[in-house]
Every structure is written in C-alpha cells, then in structure tokens.
Amino acid sequence: MEVSITGQQELFNALKNFEQQAVLQDADRALKRAGMNIIAEAQMNLRNNHTNTTGRLSQSGRVQKTSEAGGGYDVGFLSGEGNYAGAVEFGRRPGKMPPPEAMAQYVYKKHHLSDRKKARAWGWALAKSIGQKGTKPHPYFAPAVTKSQAMIVREITESIQRTINRLTTNV
C-alpha cells in the first residue's frame with residue numbers, strides 16, 4: 001500500500017508565514033507512529049492466528065526510513081536471509097523445500113520436544129512435505145494494513161493540525 005499526501009503544496013502556500021519544516025517533522029513522526037501501529041497489529045494477527053511459534057517472524061517487524069528524496073517509511077517484516085514472511089502471508093507453492101534446520105526449530109518449539117535429534121528428523125520430513133505439497137496462506141500483514149488505513153490518515157491529519165495550532169498560538 002502506498003500512502004501519498006495530496007494538497008501538500010496548497011497547505012504550504014497557505015502556511016507561508018509558518019515553518020514548513022515543523023509541519024514536515026510532525027507529519028514524519030505521524031507516519032512512523034502509523035507504521036509502528038501496523039507492525040503491532042500484524043504481530044497481534046500472528047499471535048491470534050497461532051502462526052507465531054518461534055517468534056522469529058514477529059520479531060522481524062521493522063519501520064525503516066526510506067532513502068528516497070520525498071521521505072517516507074518502509075513498513076514490514078524485513079528479515080533478510082531466511083525471510084519467510086511472504087511464505088506465511090501468501091502460502092508457498094510446491095517445488096523447493098524450505099530449510100530443514102528452520103523446520104527443525106519450528107518442530108522443536110511447537111511440539112515441546114526434548115530431543116533435538118528427533119526434532120531434526122521431523123524438521124527434515126516437514127521440509128520435504130512442504131516442498132512436495134506447499135502451504136496455505138496465513139495472512140497477517142495485509143489485514144493489519146487494511147485495518148490501519150483510516151488510522152494512518154487520522155494520525156497525519158491530527159499531527160499537522162497540532163503543528164498548525166501550535167504555530168498559530170505562538171504568533
């Protein structure tokens with residue numbers, strides 16, 4: 001989902017006497033708060049859907065400033081190597097096996113095994129099964145974004161309004 005603020009130029013023209021930087025900083029903070037709310041909602045979805053066995057996916061949620069000129073934030077579950085966020089969100093087609101060691105960790109935690117050797121054997125079998133059959137989707141992030149859309153607009157609007165109020169009372 002991409003959120004763009006329309007009417008920015010009109011706002012800046014109307015606020016010629018005010019500090020544009022203050023408005024941009026407050027809007028930036030509001031975007032970051034909104035991103036953090038999306039991550040929190042997605043983490044709650046993972047817990048409620050019982051897809052948070054090892055906690056690795058839930059803990060990989062990030063809100064990162066983009067390097068683009070206009071600013072903004074990337075929000076998501078960005079864990080680099082071994083990232084399986086997409087496989088949970090959208091499912092996995094049959095074909096390639098997931099890493100057996102990751103599946104062994106999952107089996108070890110999910111089934112409270114005390115024998116790591118047995119967990120590795122079960123993990124390998126699970127990885128092989130997923131490679132053959134794939135997995136069903138378990139959406140957690142898209143529902144969080146959908147639920148948070150109105151909140152994002154509200155956060156930005158309220159933040160800019162607070163800045164305008166603060167600047168107008170100091171004049």
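Helix H5 (100-110) gives the largest share of the lining of the second largest pocket, five residues, where helices are DSSP runs of H or I with at least four residues, numbered from the N terminus. This is a predicted model, in which local features need pLDDT of at least 70 and side-chain atom pairs count only at pLDDT 80 or more, whereas totals for chains, interfaces and linings use all residues. Residues are numbered from 1 along each chain as its sequence is written, and side-chain values use heavy atoms, with hydrogens and water left out.

**Pocket**
- The second largest pocket has a volume of about 790 Å³, a pocket being an open set of points on a 1 Å grid where a 1.4 Å probe fits, with protein on both sides within 12 Å along at least five of seven lines.
- Of its 29 lining residues (an atom within 4 Å of a point), Tyr84, Val88, Met103, Tyr106 and Ile130 are the closest to the centre.
- Two or more lining residues come from each of H3 (56-59), H4 (85-90), H5 (100-110) and H6 (116-133).
- By class, the lining has eleven nonpolar, 13 polar and five charged residues, with Gly counted as polar.

**Helix pair**
- The axes of H5 and H6, which are lines fitted to C-alpha atoms over the stretch in contact, come within 7 Å and cross at roughly 120°.
- H5 and H6 are therefore oblique to each other, a class that takes the angles left over from under 35 degrees, over 145 and 65 to 115.
- In the contact (heavy atoms within 4.5 Å), residues including Met103 and Tyr106 of H5 meet residues of H6, Ile130 among them.

Notes. Grid points are joined across faces, edges and corners, and a volume is the space filled by probe spheres set on the points. Axes are lines fitted to C-alpha atoms, for helices over the stretch in contact, and angles run from 0 to 180 degrees between N-to-C directions.
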